[in-house]
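Subject: Structure handover

Hi,

Here is the structure I promised to pass on.

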Amino acid sequence: MTDNTHNTPNTNPRDQRLMEIKRSRNRLFVCFSTLPVYMYAVSQVLDNGNSSNVIMFTYMALYAGFGVNASVKRCPDCHQQYFVKKYFLNPFRSQCAHCGLSMHPKG
Ligand SMILES: [Zn+2]
């Protein structure tokens with residue numbers, strides 16, 4: 001049973017943790033959404049006869065950074081990794097991979 005005696009959204013640490021989880025997921029999605037820009041940039045660089053390694057590594061590092069950032073986020077309830085069940089990061093879930101806690105607080 002949850003304690004609903006005080007209805008104060010975003011002020012308790014549990015909700016703040018959930019907000020943080022949501023933000024880290026959003027960053028990952030923003031990164032996904034820049035993929036066409038990245039492809040365009042790489043094609044431009046290749047057309048000009050330059051190496052695209054720098055862009056590729058930068059992009060991969062960005063992905064890895066956001067991915068790690070999301071994967072280390074822990075559920076405020078069960079303290080397991082929120083997006084990771086076994087070895088796979090699944091940023092599309094909006095519930096804890098372990099206890100099913102939703103990242104959208106009810107109210
Ligand atoms: Zn959980």
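Let's start with S24, which is buried, with 0% relative accessible area. Buried here means under 20% relative accessible area, exposed means over 50%, and partly exposed is anything in between, with a 1.4 Å probe and protein chains only.

Before I go on, a word on what you're looking at: this is a predicted model, where local features need pLDDT of at least 70, side-chain atom pairs count only at pLDDT 80 or more, and totals for chains, interfaces and linings use all residues. Residues are numbered from 1 along each chain as its sequence is written, and side-chain values use heavy atoms, with hydrogens and water left out.

Back to S24. This residue is found in helix 1. Leaving out its neighbours within four places in sequence, S24 is in contact with N69, A70, K73 and F83; a contact means heavy atoms within 4.5 Å. N69 sits 45 residues away from S24 along the chain, yet their C-alpha atoms are separated by 6.6 Å.

The overall layout

The chain has three helices and two strands, running α-α-α-β-β from the N terminus on. Helices (H or I, at least four residues) and strands (E, at least two) are DSSP runs, numbered from the N terminus. Of the 107 residues in the chain, 24% are buried. The accessible surface of the chain comes to about 7600 Å², and carbon and sulfur atoms account for 59% of that; these areas come from the Shrake-Rupley method with a 1.4 Å probe, and for residues only the protein chains shown count as cover. Among contacts in the chain with a separation of 6 or more, 50% are between residues 24 or more positions apart.

The zinc site

What holds the zinc ion? Its protein donors are C75, C78, C96 and C99, each through SG, at 2.3 to 2.4 Å. Donors are N, O and S atoms within 2.8 Å of the metal (3.2 Å for Na, K and Ca), and water is not among the atoms, so sites may look incomplete. Along the chain, the donors follow the spacing C-x2-C-x17-C-x2-C.

The angles among the four donor atoms are 106 to 114°, and the site is tetrahedral. To get that label, four donors need all angles between 85 and 135 degrees; four count as square planar and six as octahedral if opposite donors are over 155 degrees apart and all others between 65 and 115, and anything else is irregular. For reference, the ideal angle for four tetrahedral donors is 109.5 degrees.

How covered are these cysteines? C75 is buried at 0% relative accessible area, and C96 is buried too, at 4%. C78, on the other hand, is partly exposed at 26%. In case you were wondering about disulfides, the structure holds zero, going by cysteine sulfur pairs within 2.5 Å.

The core

Two of those zinc donors turn up again here, C75 and C96. The largest nonpolar core has 10 residues: L18, I21, L28, A70, C75, Y82, F83, C96, L101 and M103. Helix 1 (residues 13-33) gives the largest share of this core, three residues. Such a core is a set of buried Ala, Val, Leu, Ile, Met, Phe, Trp, Tyr and Cys residues joined through side-chain atoms within 4.5 Å.

Neighbours within four places in sequence aside, its contacts include I21, S24, A70, F88, P91 and M103.

Loops and a few other spots

H79 is in the loop between helix 3 (53-71) and strand 1 (84-85). Its phi is near 60°, a positive value in a residue other than glycine, and H79 is partly exposed at 46%.

D77 lies in that loop between helix 3 and strand 1 as well, partly exposed at 40%. Residues up to four places away in sequence aside, D77 touches R14, C99 and L101. D77 and L101 are 24 residues apart in sequence and 7.5 Å apart in space, C-alpha to C-alpha.

K86 is in the loop between strand 1 and strand 2 (88-89). K86 is not a glycine either, but has a positive phi of about 55°; this residue is exposed, at 72%.

Lastly, A64 lies in helix 3 and is partly exposed at 43%.

Cheers
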